[in-house]
Amino acid sequence: MIPRMAVEPQVPSATTIHLVPHTHWDREWYEPFQIFRMRLVDLVDQVLDQLDADPGFRFTLDGQLATVDDYLWIRPEAEPRIRRLVEEGRLAIGPWQILMDEFLVSGETIVRNLELGRRRASELGGAMEIGYLPDMFGHIAQMPQILRRAGISHAVVWRGVPQQIDRHAFAWSSPDGSTVRAEYLVDGYGSGAFLFLIPDRAPARVAAFRHAMSAFYGDRSLLAMYGTDHALPAANLRELVNEVNQSSDEYAMRVATLPEYITAVADGWGTEAADPGGPERSRWNGELRSSARANLLMNVTSARIDLKAAAGRAERALERIAEPLHALYATEWPATLLAIAWRKLIDNSAHDSICGCSVDPVVSQVISRYDEAEQIGQGTAARVVRKLAAAVPIRGTVVVNPSPAARTSYVELVAPIPDDWPEVALELPDGRRVATQEVARNHPLLHRREMLGREISQYVRLRLHGRELFGRHLNGISTETVDGVPGLTLLVDDIDDPPWLDTEEIRTAIDVASMAAPDATWRVAILATPRRTIGTVLPVPALGWIGVRAVEGHGELASAVRATPRGLENDQISVEVATDGTLRLSAGEAAVGGVGRLVDGGERGDTYNYGPPPVDVVVDAPREVQVEHLAGGPVSGAIAVRRTYDWPVGLTSDLGSRDSETLRTEVVTRLELRAGEPFVRLHLAFENRSRDHRLRFHVPLPRRASVSAAEGQFAVVERGLEIEAGHGETAQPAFPARGWVDAGGVAVLLDHILEYELVDGGRELALTVLRSTGLISRNDHPYREDPAGPEYVVPDAQCLGPWEVGFAIYPHVGDWREARVPSQAEQYQHPFLTAAGANRNAGAPLLEHEGLRIEADDVVMSALHRRGDWLELRLVNLGHDHGEAALRGPFEEARAADILGQPGPELQVGDGRLNLTLGPAEIRTIQLR
């Protein structure tokens with residue numbers, strides 16, 4: 001519950017001005033975290049002293065527990081003091097662990113952020129029951145549903161609120177209909193920050209403030225947010241407020257926390273309220289991405305794309321690999337490791353961290369945290385896969401499917417295969433054989449040297465460490481004489497076979513053999529087992545695994561890949577390279593040409609907003625094109641398209657145009673087509689040596705599109721060709737897409753969040769694959785009047801050096817639902833996992849196992865993890881209609897839960913099956929046991 005105000009009654013005839021002292025704390029931005037933390041400690045020290053000294057003082061600590069935790073790391077003795085003040089209702093904390101950017105992290109990261117913040121706040125006296133979102137660069141469509149499913153019915157927002165909203169409170173709804181009362185921070189989270197800047201003029205300033213705000217608030221009560229970035233409250237605030245109150249009887253200023261203000265003005269809104277009433281202009285449905293009232297700063301999506309790629313890898317490793325596999329197959333839940341990884345993801349979700357709009361040392365630390373989180377995710381998942389491999393014969397391989405539906409997909413694995421096998425197949429548990437394609441072979445001869453027999457003992461002693469030799473396992477030796485020359489071969493492999501080996505016995509045998517001819521010249525070799533990396537297409541059960549092994553002979557293959565003179569094809573799609581290096585894709589009635597035209601233009605903006613120079617020079621035609629077939633099938637085909645461009649080195653010194661000096665740059669586009677896949681995988685790589693430019697990958701659309709559909713945070717959001725402008729910021733309809741974007745009969749399947757825009761009146765889709773800039777914020781910006789931050793130089797934001805981006809192009813008929821785009825994205829984004837078999841039992845059979853299966857069309861899995869002895873599963877209906885889902889798996893009980901894992905009513909389970917109906921765009925959390 002939101003506490004009632006502990007203040008004197010307001011004067012009935014006066015306007016009540018609720019003054020909310022607060023600070024907005026960017027944890028890291030134009031200074032690194034540790035530097036800002038020193039300032040945070042000073043600020044919180046003063047705030048706590050003021051709260052103790054003045055019972056009427058209040059403070060709202062920015063809605064994020066990170067400020068409290070960061071402070072208590074330095075001042076642990078202050079925890080009881082903070083808890084007391086929170087319990088008294090004078091210090092407001094939470095509910096978030098950190099104030100995140102909503103569009104640039106996964107929906108699951110947002111939920112875990114809220115869960116962590118609420119849990120930590122409960123240890124310190126309780127969180128304010130308000131979705132405080134003061135400085136996010138717009139707001140996702142599903143935020144009202146996330147809040148309501150966490151028991152929160154109020155939100156506080158600023159950026160992104162459209163012109164249509166003409167009052168301080170409005171009903172904000174998600175696509176599923178969940179609605180919160182949204183408090184619009186008129187004039188931002190610092191609306192009252194400078195009211196007391198000149199104490200003698202404070203009464204006049206307050207009177208002017210009241211008049212300016214009356215259009216939104218009326219004359220009953222209004223909100224003055226007294227604080228701004230890293231700001232301290234005035235030490236004599238109580239005196240200043242008293243002086244203002246004595247100066248006029250037209251208003252009464254009251255110091256309050258944000259929850260106290262909301263309680264005073266919410267007009268009966270509670271946990272069951274759904275609508276504040278009022279005209280249509282006080283309602284909004286969906287995401288908030290307008291520039292009408294504040295800078296939206298929409299191009300942070302394309303700043304430092306390598307940072308977004310690191311985020312995508314780490315989130316996927318935790319959400320879709322480590323947690324589901326541990327939940328289903330591990331005997332022990334690695335709670336501490338996963339908590340460390342999630343904390344790093346949540347810390348990084350702060351908008352100045354994930355957006356890439358910070359100084360270079362901050363970005364380096366953010367990427368390092370993502371790398372650590374990914375390492376934990378991949379490392380813990382690998383342990384589970386190795387455990388599953390214990391059921392597979394030692395010369396076989398376990399293949400694991402991380403998707404909640406059975407899939408037939410491409411996988412590469414390494415297997416011991418004799419050199420004299422001309423054709424290799426993989427044997428499945430049911431006896432079928434599938435075809436393979438060789439990708440690579442190892443080089444069995446690791447080392448060769450000639451030496452005298454008396455030198456061999458020392459040679460072996462210096463190199464053999466236990467059983468390890470040259471990074472492999474010693475499995476035996478052989479001696480033979482060829483053409484009168486004695487030879488010793490040490491046999492090694494990636495596995496212990498046999499499992500036990502007496503290395504002292506081996507050393508003795510080597511000594512005996514070599515000293516039989518101590519003065520002879522010996523040939524000594526270290527020889528590994530011949531192994532091949534092979535690609536194949538395998539059927540694997542839902543969230544399950546299958547054991548396979550390599551056998552000599554022919555295998556079956558459906559929809560094989562074939563090379564054509566300038567392209568590749570399978571039974572679903574063909575791709576052909578044009579003379580200019582662009583691609584033509586044909587998939588039945590769906591065809592599109594000119595795919596992949598690269599458009600490079602100047603960039604005079606900053607990390608927040610793109611802005612072209614006054615006279616731009618656009619380079620969109622290569623000077624040279626080379627095409628090389630790398631692989632021709634039958635399982636996978638690949639082509640390298642090398643295009644050479646002359647890109648300007650940067651901008652002119654006056655920033656008026658692009659430099660006449662150019663740098664020759666080769667962009668290599670590797671396109672890959674796999675058996676059975678209806679899309680073409682693309683990977684762009686080049687050495688970026690140019691500064692201050694933007695590179696976009698263009699996809700012409702088979703039919704003109706007025707709307708795009710993009711998968712983001714728990715939703716598919718439809719967007720038009722324009723966004724609302726205002727506040728001195730040029731409206732750019734450039735949007736973030738997390739999983740995929742679809743328009744005009746083409747879907748682009750993504751590895752991570754990328755920026756896209758429908759251009760040329762909806763005839764083309766442009767993906768930003770690089771944006772080089774050198775400033776956090778530019779004061780003199782061509783597309784923005786209001787600076788977004790300090791004009792600090794950030795050389796690393798130029799993104800110089802090796803650069804790569806990957807995605808897939810999927811042409812189709814119908815809309816994204818008819819084309820089953822989410823299913824194709826699942827195939828693209830979640831490759832199978834493998835490990836070498838470890839079952840040494842002779843005659844051990846090949847096995848397969850299904851984990852948890854979800855039978856649904858538009859319903860997708862967001863998370864599967866453990867909560868106590870329950871499995872917790874989060875599902876999302878991406879469709880606009882009701883969605884049916886059937887769950888099958890190793891469970892006998894089921895119950896509903898809220899989005900934070902609080903259990904609800906029991907659900908009916910029959911024979912390991914649970915049937916669910918999800919409402920349109922519904923997020924559903926259930927627990928299974």
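Student: Where is the place of P95?

Tutor: P95 sits in the loop between β3 (91-92) and α4 (107-123). Helices (H or I, at least four residues) and strands (E, at least two) are DSSP runs, numbered from the N terminus. This is a predicted model, in which local features need pLDDT of at least 70. Residues are numbered from 1 along each chain as its sequence is written.

Student: What joins G94 and P95?

Tutor: A cis peptide bond, with omega about 15°. Most peptide bonds are trans. Another cis bond links G633 and P634, with omega about 10°. P634 is in the loop between β28 (624-632) and β29 (636-648).

Student: Why does D62 count as buried?

Tutor: Buried means under 20% relative accessible area, exposed over 50%, partly exposed in between (1.4 Å probe, protein chains only). D62 has 0% relative accessibility, so D62 counts as buried. Its phi is near 65°, a positive value in a residue other than glycine.

Student: Why does L655 count as partly exposed?

Tutor: L655 has 24% relative accessibility, so L655 counts as partly exposed. Phi of L655 is also near 65° and positive. L655 lies in the loop between β29 and β30 (662-674).

Student: Why are α1 and α3 called oblique to each other?

Tutor: Angles under 35 degrees count as roughly parallel, over 145 as roughly antiparallel, 65 to 115 as roughly perpendicular and the rest as oblique. The axes of α1 (residues 33-53) and α3 (residues 79-87) cross at roughly 55°. α1 and α3 are therefore oblique.

Technical notes
Predicted model: local features only at pLDDT ≥ 70, side-chain atom pairs only at ≥ 80, totals over all residues. Heavy atoms only, no water. Axes fitted to C-alpha atoms, helices over the stretch in contact; angles between N-to-C directions.
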